[in-house]
Amino acid sequence: VSGDVLLQPAHAIAAAVKARRVSAREVTQAAIARIEVANGRLHAFTDLTLERAIGEADAVDAAVAKGLAPPLAGVPYAVKNLFDISGVVTRAGSKINRDNPPAKTDSTLVRKMKVTGAVLLGGLNMGEYAYDFTGENFHDGASLNPHDPSRMSGGSSGGSGTALAAGMVAASLGSDTNGSIRVPSSFCGLFGLKPTFGRLSRAGTFPFCASIDHLGPMARSAIDLALLFDALQGDDPADPMQVRRAPVAATVEIQKGIAGLRIAVADGYFRKNGMPEAFAAVDKVAGALGAKRTVTVPEAVRARASAYVITTAESSALHLSRLQTRPGDFDPDVRDRLLSGAMVPAAWVIQAHRFRSWFRQAMREVFKDIDVILAPATPFHALPSGTKVVTLDGVTMPARPNIGLFTQPISLAGLPVVTVPVWLDGANLPIGVQVIAPAWREDLALRVARQLERDNVAAAPLARQMEAA
Amino acid sequence: MTRPLDAKSHAEHMAKVLDLTILPEWQPTVVQHLATTAAAAELILSFPLDDHVEPAPVFEP
């Protein structure tokens with residue numbers, strides 16, 4: 001029974017634990033058993049915190065026995081390994097950071113998960129220093145796609161996608177600078193929330209590009225995203241870039257449906273450079289929502305270019321001393337990008353930041369007339385592992401950077417996005433659609449995601465081959 | 001930018017400035033990435049921005 005409960009969405013697990021139909025300890029033991037069966041070939045976890053998990057589960061069971069009802073009671077989850085976990089070395093996908101001492105305390109969001117009753121199973125594989133869209137890791141092996149293990153999980157929060165789609169956990173936390181939650185959500189067929197920039201505290205996580213880094217949850221249900229988002233919100237003076245805003249009551253808002261929402265499909269840039277499945281998924285979602293309007297995201301090409309320049313320059317500056325002293329210890333693909341980023345003239349970066357201000361204002365104007373924008377999350381289904389080049393609209397280009405071509409412009413503006421998983425008729429793989437809302441209106445994107453889930457247009461089933469595991 | 005970046009020369013010069021070691025087998029990829037970044041930068045630099053459009057750093061002293 002506990003094994004069956006484990007494969008339910010997080011909200012169902014929490015309900016079962018709170019109703020004492022199953023104990024948090026039983027769910028945790030089922031999760032551990034599943035990790036032991038599946039992790040060896042899928043490379044989702046890099047660090048396991050099993051003793052801690054049992055301890056947290058027992059604490060939840062004790063709380064429930066006393067009549068308390070923590071919202072994420074007994075929900076097994078794990079975090080991208082750039083989140084500090086007390087007692088674990090925060091490797092951030094790297095070899096170099098393994099020389100650091102173990103984290104003394106949990107990151108802010110891990111603390112919040114614990115307070116709300118979730119049970120931490122460990123740290124998850126990721127692309128080195130988050131400079132990645134593949135989920136491939138030079139040091140730890142590639143986190144693989146449970147729907148087809150010959151394919152990428154998507155990155156850089158690759159293990160966060162793998163563990164969820166394989167049913168090892170019911171929720172995961174990731175980070176997203178240019179698409180690193182939205183890409184694995186698309187490739188692994190999951191619901192993923194990249195909140196508004198500045199919404200969630202990043203304290204106690206290893207940075208990539210502080211100007212654009214976001215943290216957020218991934219799950220197998222839109223309702224779960226709302227539960228997780230409510231658990232994670234809140235002011236934290238330890239993150240100097242967090243913006244003080246009143247929290248959204250996501251679990252309440254998500255029930256409101258979509259009546260009255262003005263929903264439009266992004267045209268232009270977002271209807272080019274993709275395989276047919278990317279646009280078919282958007283059209284399926286738009287059709288189900290009755291969205292007939294289109295909208296142009298202004299200067300999307302430049303928005304992506306701006307994110308590209310800021311990311312490479314800022315991340316390279318962060319790693320400069322490591323590039324000087326230990327260049328041979330990086331993942332070669334990441335190292336060469338960082339080396340080039342260290343050489344970017346200052347004027348390029350500052351101009352990119354100025355363009356970002358222009359783009360923010362332009363997007364505010366766009367959202368005066370509409371509430372939600374739909375766009376592809378990735379240009380294609382999950383690629384075969386090791387893919388180096390892709391051909392889009394007749395142009396052959398490097399695969400790695402272009403996996404994120406639809407996600408990158410949106411995060412530059414800091415806009416909240418829920419990626420919803422779509423299974424097209426006859427498809428063997430899922431693909432995601434970005435549901436994009438105005439700044440601070442995660443509730444709107446969640447409402448749309450929930451409607452799509454309710455109507456069976458978006459769904460995040462476990463990988464078929466994992467169901468019998 | 002008024003003329004295309006000579007990415008190879010720029011990489012060689014900046015490697016010295018920043019005390020970076022770039023092994024010969026790494027160099028073509030580094031140069032290629034620099035050229036890609038330069039192309040992205042050119043898109044931004046060619047976009048007219050009013051003098052009063054400022055970066056938006058969040059810094060609360």
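**View 1. The interface of chain B and chain A.** Chain B and chain A bury about 3100 Å² between them, and 72% of this area lies on carbon and sulfur atoms, where buried area is the accessible area (1.4 Å probe) that two parts lose on being put together, summed over both. B:Trp26, B:Ile44 and B:Phe47 supply 20% of the area that chain B buries against chain A, more than any other three residues. In this predicted model local features need pLDDT of at least 70 and side-chain atom pairs count only at pLDDT 80 or more, whereas totals for chains, interfaces and linings use all residues. Residues are numbered from 1 along each chain as its sequence is written, chains are lettered from A and ligands numbered from 1 in the order in which they are written, and side-chain values use heavy atoms, with hydrogens and water left out.

**View 2. Residues on the chain B side of the interface.** In chain B, 33 residues are in contact with 35 residues of chain A, contact meaning heavy atoms within 4.5 Å. Helix H1 (7-17) and helix H2 (27-45) of chain B each supply at least two residues of the side that touches chain A, and the largest share of that side, 12 residues, comes from H2(B); helices (H or I, at least four residues) and strands (E, at least two) are DSSP runs, numbered from the N terminus. By class, this side of chain B has 23 nonpolar, 6 polar and 4 charged residues, with Ala, Val, Leu, Ile, Met, Phe, Trp, Tyr, Cys and Pro counted as nonpolar, Asp, Glu, Lys and Arg as charged, and the others, Gly among them, as polar. Between chain B and chain A the count is 0 salt bridges, a salt bridge being a side-chain nitrogen of Lys or Arg within 4 Å of a carboxyl oxygen of Asp or Glu.

**View 3. The open sheet of chain A.** Eleven strands form an open sheet with mixed pairing, in the order E1-E3-E2-E4-E6-E5-E12-E13-E9-E7-E8 (chain A), where two strands pair if DSSP finds at least two bridges between them. The edge strands, each pairing on one side only, are strand E1 (45-48) and strand E8 (293-295) of chain A. Neighbouring strands of this sheet are turned by 30° against each other on average, direction ignored, with axes taken as lines fitted to C-alpha atoms, for helices over the stretch in contact, and angles running from 0 to 180 degrees between N-to-C directions. Helix H3 (residues 24-42) of chain A packs on the sheet, touching E1, strand E2 (76-80) and strand E3 (119-124), and its direction makes about 20° with that of E3(A). Helix H5 (residues 108-115) of chain A also packs on the sheet, and its direction makes about 175° with that of E2(A).

**View 4. A salt bridge between two helices of chain A.** The side chains of A:Glu56 and A:Lys114 meet in a salt bridge (3.9 Å, N to O). Because A:Glu56 lies in helix H4 (residues 50-65) of chain A and A:Lys114 in helix H5 of chain A, the pair ties together parts that are 58 residues apart in sequence.

**View 5. Backbone details in chain A.** A cis peptide bond, with omega about 10°, joins A:Gly155 and A:Ser156, and A:Ser156 lies in the loop between E3 and helix H6 (158-165) of chain A. A:Ala130, found in the loop between E3 and H6 of chain A, has a positive phi near 70°.
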